Amino acid sequence: SFQTARLAFATGRLNRRLRSAGGGLSHGLLSALATVSKDGPLRLAELAQIETVSAPSTTRLVAELEAKGLVTRATDPDDGRAILISITDLGVETIATARAARAAMVAELFERLEPEEVATIVAAIPAIEKML
């Protein structure tokens with residue numbers, strides 16, 4: 001329908017704006033980093049399942065995060081064949097910085113709106129969260 005197309009278009013534009021405030025990390029990298037922060041240490045397979053990404057893609061994401069110093073890999077003490085991914089202090093700082101930058105960007109976008117428009121968006125947040 002026209003309304004769903006408008007919502008898809010608007011959320012796509014918002015997502016691109018938010019991505020640009022991600023501290024140089026793509027959405028996939030930032031999402032994986034946040035998952036490791038919240039649920040880690042994690043095995044690669046666990047991270048892949050949570051992020052709903054293929055194992056090879058997860059391996060690439062973790063390699064990139066590790067190269068940036070945002071996560072570390074260590075052998076799982078319970079299973080020497082498995083690797084555990086943990087977040088570093090720099091990774092925690094990076095998430096906080098990216099979240100603050102994104103929140104500031106949304107606040108800046110809200111400043112362009114009338115108070116009633118902001119209230120309408122805020123009122124829709126629970127429905128959007130439920131939808132996602």
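Predicted model: local features only at pLDDT ≥ 70, side-chain atom pairs only at ≥ 80, totals over all residues.
Let's start with the strands. Strand 3 covers residues 79-87. Strand 1, residues 42-43, pairs with strand 3 in the antiparallel sense. That pairing has 2 bridges. Look at Arg43: its bridge partner in strand 3 is Leu84.

Now strand 2, residues 71-76. Find Arg73, and you will see Ile85 of strand 3 opposite. How many residues lie between strand 2 and strand 3 in their hairpin? The hairpin has 2 residues between the two strands.

Next, Asp76. You will find Asp76 in strand 2. Is Asp76 buried or exposed? Asp76 is buried, because its relative accessible area is 6%, and buried means under 20%. Its side chain has a partner, too. A polar contact of 2.8 Å links Asp76 to the side chain of Arg43. Leaving out residues up to four places away in sequence, Asp76 touches Arg43, Ala82, Ile83 and Leu84.

On to helix 2, residues 27-39. Let's check its length. The helix has 13 residues, and at 1.5 Å a residue it should span 18 Å. Its end C-alpha atoms are 18 Å apart, so the two values agree.

Which residues of helix 2 are buried? They are Leu29, Leu30, Ala32, Leu33, Ala34, Thr35 and Val36. What covers them includes strand 1, strand 2 and strand 3. Helix 3 (44-51), helix 4 (55-67) and helix 5 (89-110) are also part of that cover.

Note on methods: Residues numbered from 1 in each chain as written. Heavy atoms only, no water. Pairing = 2+ DSSP bridges. Helix = DSSP H or I, 4+ residues; strand = E, 2+ residues; numbered from the N terminus. Expected span 1.5 Å × (residues − 1). Buried < 20%, exposed > 50% of the residue type's maximum accessible area, 1.4 Å probe, protein only. Contact = heavy atoms within 4.5 Å. Polar contact = N/O pair within 3.5 Å; in protein donor to acceptor, adjacent residues only side chain to side chain.
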